[in-house]
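Subject: Structure handover

Hello,

Please find the structure below. My notes on it come after.

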Amino acid sequence: MSFLQPLLSGTLTGGVYALAGIGMSLVFGVMNISNFAHGDLMMLGMYLAYFAFTLLHIDPYLSLVLLIPTAFMFGFLLEKLFINKVINHPHQNQILLTIGLGLIMSNTALLAFTSDPKILTTSYSSSAFNLPGGISISVPLLLSFLITCVIIAMLYLFLSKTTTGMALRATSQNREAAQLMGINVAKMSAIAFGLGTALAATAGALIAPTYYIHPLVGHSFLLKAFTICVLGGLGSVVGAGVGGIIIGVVEAMSSTYLSSDWKDVVVFVLFLAVLLLRPQGLFGKKGGQS
Amino acid sequence: MKTKIASIVAAALLAFPMLVYSAPVKIGFINSITGKEAQIGENLTNGAAMAIEDLNAKGIQVELFKEDDGGDPKNALAAYEKLVTRDAVVGVVGPYTSGCANVVASRADQYQVPLLVPAAAKEEITMKGYKNVFRLNAPANVYSRVLMDAVKAYKPKTIAFVYAATDFGVSTVKTAQENAVKMGLKEVANEKYQQGQPDYRPSLSKVKAANPDLVFLVSYDADAILLMRQAKEIGLTPKAFLGAGAGYTTAQFAQQTEISNFVVSATQWTDDVNWAGAADFGKRYKTKFGKEPSYHAACAYEALRIMALTASKAKNPASLRAALKAGSWSGIMGPVKFADYNGFTNQNNHPMLVQQIQNGKYETVYPASFSKKKLVYPFKR
């Protein structure tokens with residue numbers, strides 16, 4: 001069997017993981033908060049894409065145009081109403097708050113949408129490009145990956161070229177100093193959380209056509225996003241991107257050459273190894289957070 | 001003196017309850033109305049309701065005592081004890097899940113009140129020699145056997161297993177492997193997976209590389225759709241996909257015609273089988289409840305019907321047990337007879353059916369004597 005097949009499909013799956021990881025990392029970088037509602041925000045993105053498709057007949061990938069601003073506003077409001085209140089409190093309060101928000105979201109979804117899994121079937125859901133050498137590339141997965149690349153490029157430009165982006169990075173580097181330089185850090189936090197939410201929801205919408213949609217689906221993705229963030233270095237956007245791809249490829253490789261039963265073991269052994277050798281993560285800042 | 005006479009009268013009344021003419025027959029029904037299994041529990045509830053309706057129409061009055069176990073064996077046992085001690089039922093139908101049924105079965109001989117299990121598959125339930133436990137449906141080992149029997153005639157040579165790493169997945173594949181050895185099938189791939197992953201392509205690619213004639217799958221709900229989607233993507237085309245278990249027998253799966261067409265699965269009952277009244281039951285169920293009945297509904301219907309018919313003549317638990325053991329019935333579940341064979345006691349040797357999705361509909365294709373359609377083999381896209 002070809003070595004390229006797992007490499008390709010792992011990279012493509014990893015791209016979507018990366019998007020989920022980047023959103024979480026951005027929030028951590030700017031606000032120093034671990035957002036444990038991240039997986040549930042992804043789940044909301046999946047349902048939004050699903051209903052846009054079934055009720056409004058909008059292609060899940062096109063629906064991103066509507067979904068991204070909606071999710072941004074939702075995240076912005078969440079920050080203003082809740083997260084904002086605990087930003088200077090101990091980590092355990094922040095964790096409890098985000099876990100609580102996540103539970104409210106998943107259980108509301110359970111009440112509203114029932115526990116029956118929903119399946120989003122587009123005309124291209126199970127089609128693939130066949131390359132020579134018996135390699136096949138899933139069409140929806142490839143589309144998701146390309147969109148992820150575009151979004152990451154746009155995010156990169158936003159963070160490096162715009163004033164708001166630079167202010168976000170300044171807040172991420174040193175909150176107090178940024179405030180002294182006249183940056184409205186409270187606003188930056190809200191923007192960062194809005195962006196994080198939009199990225200989570202986008203990741204959800206991108207994975208929806210190749211996965212199934214269920215109110216409790218966020219939990220497994222939360223664990224994945226968290227692993228990716230820590231692997232890449234908490235707060236590092238580049239690290240999360242690379243971390244996502246690494247996890248995707250390692251999963252695919254270990255299920256090909258070992259057994260799919262073992263892939264989580266391999267992922268977490270690798271994760272531990274990185275933490276032992278480079279505790280700050282692959283791209284993390286040395287010294288860590290105060 | 002007065003109390004003495006009163007107690008003699010009371011004893012007489014207790015001794016001859018059948019003298020009170022046309023008193024309804026008391027039957028207990030334990031089901032998972034709430035909890036994780038509630039969705040399937042609803043099918044059993046509906047099936048039982050239809051049975052009561054039909055029995056009433058025939059002039060058999062049934063007083064049904066419904067109990068909910070919430071899918072918890074502890075509650076099921078409490079329900080059974082309440083039914084036999086407080087409500088004084090002559091027989092009990094249920095519980096639904098294997099876990100609950102197994103626990104209740106272990107106490108049935110102690111209370112001496114017959115238990116008729118309608119749809120629980122765990123083999124152990126009727127393998128312990130309990131005199132008061134009867135089972136209508138076929139036990140778990142029949143699932144894989146009937147699937148392989150259905151394709152035997154086409155002489156497949158190799159088989160691959162793809163299954164969820166759960167109790168159900170592992171135990172089903174274990175019996176399937178035994179059956180495969182008996183049939184002389186060579187196992188070429190064995191992929192156990194963790195549920196709920198977004199990417200099964202690496203496992204499926206391995207199966208594709210082994211090029212098996214048969215792919216035997218055990219998956220729940222949505223994983224079945226995911227696996228079949230990705231199987232189509234990577235171009236896995238064995239001669240047949242055999243789906244044992246939940247995910248391959250849902251209406252949602254059948255609707256995904258692009259990926260589910262020609263997938264073969266095993267079931268206890270279908271509405272197009274040629275057993276008397278099966279089609280009619282399916283039709284009436286759909287009109288009454290607005291959805292397709294699952295096999296559980298048919299099992300509950302038939303179990304309650306048999307229990308009530310027998311109990312209306314037997315009147316007390318001891319003679320009910322004898323009558324269940326001796327009798328035979330025929331209805332929407334085909335011929336029913338509680339027999340002792342292959343280590344089973346009071347087990348109905350229910351012929352399981354093999355169905356194949358053809359144009360978005362489940363069609364019975366095996367055994368030939370019960371089906372109208374033919375199996376499409378080899379599988380094609």
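Predicted model: local features only at pLDDT ≥ 70, side-chain atom pairs only at ≥ 80, totals over all residues.

Residues are numbered from 1 along each chain as its sequence is written, while chains are lettered from A and ligands numbered from 1 in the order in which they are written.

Domains. Chain B is assigned domain 1 (21–138 + 275–348) and domain 2 (141–267 + 353–370); the bounds come from an automatic or database domain assignment. The C-alpha centres of these two domains of chain B are 30 Å apart. Five residues from domain 1 of chain B and five from domain 2 of chain B make up the contact, where contact means C-beta atoms, placed from the backbone, within 7 Å.

Sheet. Seven strands of chain B form an open sheet with mixed pairing, in the order S7-S6-S8-S9-S10-S14-S15. Strands are DSSP runs (E, at least two residues), as are helices (H or I, at least four), numbered from the N terminus; two strands pair if DSSP finds at least two bridges between them. Strand S7 (186–193) and strand S15 (361–366) of chain B are the edge strands, each pairing on one side only.

Within the sheet, S8 (residues 214–218) and S9 (residues 240–243) of chain B pair in the parallel sense over four bridges. Leu217(B) has Gly243(B) in S9(B) as its bridge partner.

Regards

Notes: Contact = placed C-beta atoms within 7 Å.
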